[in-house]
Amino acid sequence: MDAYAGYYFEGKKVKESSSGGAATAIAEEVIKRGGIVYGAAYSKDFYSATYERAENEDELQKFKGSKYVYVNKVLIKDGEAVSVYKDAISELNHGRTILFTGLGCDITALKIFAEKEGVDTDKLFTIELLCDGVTNEIVHQEYVSNIEKIYDSKVIAFSVRYKKEGWIPLYIYAGFENGKEHIQPFYGSDYGFAFLNYKRKCCYDCKFKEHRGDLMVADYWGCRPGMDEYNQNGVSLIFVQNEKGNKLLDYLNRKQFFLKRTNTDYALYYSPRYYTSHERYPQWYTFDKIIREKGLREAVKKCAAITMPERFNGKKINEIILWGAGKCFHQYISVLREMFLISCVIDSNENNWGKELEFGIICQSPDVLKDKKNIVVLITIQNISSAFQVANKLLDM
Ligand SMILES: Cc1cc2nc3c(=O)[nH]c(=O)nc-3n(C[C@H](O)[C@H](O)[C@H](O)COP(=O)(O)OP(=O)(O)OC[C@H]3O[C@@H](n4cnc5c(N)ncnc54)[C@H](O)[C@@H]3O)c2cc1C
Ligand code: SF4
């Protein structure tokens, strides 16, 4: 399997997308050639996510950015709810070219449906996103409703992949009718906690790792400064799964999109979800019970005792960060994550950057500390002299 790294040359376009914008760049070309693109968008009130279709570039805007919540497989057409799979099949039957973007389960469902209906799939192209699982709709609904109460206004823009300082760390962004903005580190938020620990049950034993998409697109977490492929605003990792995937790759306009072959084994090493499902959180049932009875905030509070915003020695803190991804981290992470809502883990060893540690946590470079204020850094390093070195570095910052 060939692997490629890529991103839009135009900074604004990379920033609007989750990784490097490969899914959008290909979709734009499909539209230019008269095709229809199916993708995931938030509903108008931002309380849920659903499939929609796009036939012009403006309509593609709503698909940009990963939706980490379950996406309804129904779209509204002429005022009526229609299965997205049925709609795509009907358009194929009318001779239209279709690009269907989705997770492994979505692509498999569409292909099984097409086989059952005996449809000619020559004009069907698919982009599959590498998938770590989605959280339940209740998490998304509650999060949006909670921030609407705090800001006393309706949400009019929302993203879980806002690139405040670049590709990583991930931030949540919400814009409100009253002009206010809410920006929060994703993994330090109730939403991020739930995305890591409270996925849909079926995602812990995902049956869709055969990857039937023509192209697979992912975040190239293994790509780091110094590599030719690196872009600080995000890099897409693209796996070509079959001949149609090669065709889709040719759709990328090289004047607008940087594309370079990358080492497949290396890329796969940093993409563990290609083969395996996310490990189930031991307190899943506790979280499930509390969220249903008392809501998201209470469920997170119960499962991560110290959450944000909280106070340490009377001072308000915005984030709790771990420094050290070695033995000590692995030994104590199960306990630590039940005590603190950890927003990220950093390490001095650059070989660890981009690597998925336990529970889906991705290790980052200490550079993420730049410009951060009111943070608590817990040093998870066993060797005392190394821990002191880190403490001194922190004092110098
Ligand atoms: C739930 C989820 C889990 C993921 N887990 C991983 C992971 O573990 N490792 C990894 O490397 N990458 C993962 N990804 C993929 C990654 O986040 C990016 O979506 C991918 O790199 C595409 O980025 P892009 O810049 O090309 O897409 P963009 O240009 O931002 O376009 C986003 C595309 O994704 C589609 N989309 C977004 N959310 C959904 C959804 N929930 N269901 C169906 N289609 C959707 C949109 O329709 C659009 O086509 C995950 C994505 C999702 C949605
Ligand atoms: S983990 Fe598997 S079942 Fe869950 S959303 Fe992703 S592809 Fe679908």
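## Contacts and overall fold

Two residues are in contact if their C-beta atoms, placed from the backbone, lie within 7 Å. With that in hand, we can look at this structure, which is a predicted model. Among the contacts in the protein with a separation of 6 or more, 66% come from residues 24 or more positions apart.

Of the 397 residues, 42% count as buried.

## Around ligand 1

Let's visit the first ligand. Ligand 1 has 33 residues around it, and those that come nearest are Ser17, Thr24, Gly39, Asp132 and Ala218. Two or more residues of this shell are given by each of α2 (22–32), β2 (36–42), β7 (98–102) and β12 (215–219).

What kinds of residues make up the shell around ligand 1? There are 14 nonpolar, 13 polar and 6 charged residues.

## Around ligand 2

Now for the second ligand. Around ligand 2 you will find Leu103, Gly104 and Cys105, then Cys131, Gly133 and Val134, and also Arg200, Cys202, Cys203, Cys206 and Phe208. The shell around ligand 2 divides into 8 nonpolar residues, 2 polar and 1 charged.

How values were computed
Residues numbered from 1 in each chain as written. Chains lettered and ligands numbered in written order. Predicted model: local features only at pLDDT ≥ 70, side-chain atom pairs only at ≥ 80, totals over all residues. Near = placed C-beta within 6 Å. Helix = DSSP H or I, 4+ residues; strand = E, 2+ residues; numbered from the N terminus. Nonpolar A, V, L, I, M, F, W, Y, C, P; charged D, E, K, R; others polar. Buried ≥ 20, exposed ≤ 12 C-beta atoms within 10 Å, placed from the backbone.
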